[in-house]
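Visitor: I should like to learn how to read the features of a structural model. Please take me through one case.

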Amino acid sequence: MSQSVLTEPISMEKEASRATPGPLPKKSSKAFNSFQIAQAQFDKVAEYLGLDSATRDLLRYPFR
């Protein structure tokens, strides 16, 4: 092992910066709505499959 590794003083600021995480990410102001997300995914797939509007309307809303 090299001599400098054993005798080099430890900087507490350097060690503290490694231990503390950065600022927390900001929360989105939009509310999470899984039904709207599912409908958006359905629209993409329906467009890809070329479904007509009557079939889209029938499949878009569940009967329950």
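Guide: Let us begin with Arg 60, which counts as buried at 18% relative accessibility. Buried means under 20% relative accessible area, exposed over 50%, and partly exposed in between, with a 1.4 Å probe and protein chains only. The model is a predicted one: local features need pLDDT of at least 70, side-chain atom pairs count only at pLDDT 80 or more, and totals for chains, interfaces and linings use all residues. Residues are numbered from 1 along each chain as its sequence is written, and side-chain values use heavy atoms, with hydrogens and water left out.

Visitor: In which helix does Arg 60 lie?

Guide: Helices are DSSP runs of H or I with at least four residues, strands are runs of E with at least two, and both are numbered from the N terminus. Arg 60 lies in helix H4. The chain has four helices and zero strands, in the order α-α-α-α from the N terminus on.

Visitor: With which residues is Arg 60 in contact, leaving aside its neighbours within four places in sequence?

Guide: Contact means heavy atoms within 4.5 Å. With those neighbours left aside, Arg 60 is in contact with Gln 39, Phe 42 and Asp 43. As a further spatial reference, the C-alpha atoms of Arg 60 and Ala 38 are 9.3 Å apart, while the two residues are 22 residues apart in sequence.

Visitor: How many salt bridges does the structure hold?

Guide: Side chains of opposite charge can pair when their charged atoms come close. The criterion for a salt bridge is a side-chain nitrogen of Lys or Arg within 4 Å of a carboxyl oxygen of Asp or Glu. The structure holds two salt bridges. One of them joins the side chains of Arg 60 and Asp 43, at 2.2 Å from N to O. Arg 60 belongs to helix H4 and Asp 43 to helix H3, so this pair ties together parts that are 17 residues apart in sequence. Asp 43 counts as partly exposed, at 30% relative accessibility. Arg 56 and Glu 47 also meet through their side chains in a salt bridge, at 3.1 Å from N to O. Glu 47 is exposed, with a relative accessible area of 54%.

Visitor: What span should helix H3 have, and what is the distance between its end C-alpha atoms?

Guide: The expected span of a helix is 1.5 Å times one less than its number of residues. For the 16 residues of H3 (residues 34-49) this gives 22 Å, and the end C-alpha atoms are 22 Å apart, which agrees. At the N-terminal end, Asn 33 caps H3, with a side-chain oxygen 3.1 Å from the backbone nitrogen of Phe 35. Gly 50, which follows H3, has a positive phi, near 75 degrees.

Visitor: Which residues of H3 are buried, and which are exposed on the other side?

Guide: Gln 39, Phe 42 and Ala 46 are the buried ones in H3. They cover an arc of only 60 degrees around the axis, which puts them on the same side of H3; the arc is that of the directions from the helix axis to the C-beta atoms. On the other side of H3, Gln 41, Lys 44, Glu 47 and Tyr 48 are exposed. The buried residues of H3 pack against helix H4 (53-60). Among them, Gln 39 has 16% relative accessibility.

Visitor: What percentage of the residues of the chain count as buried?

Guide: Of the 64 residues of the chain, 8% count as buried.

Key:
A polar contact is a pair of N or O atoms within 3.5 Å; within protein, one must be able to donate a hydrogen and the other to accept it, and residues adjacent in sequence count only if both atoms are side-chain atoms.
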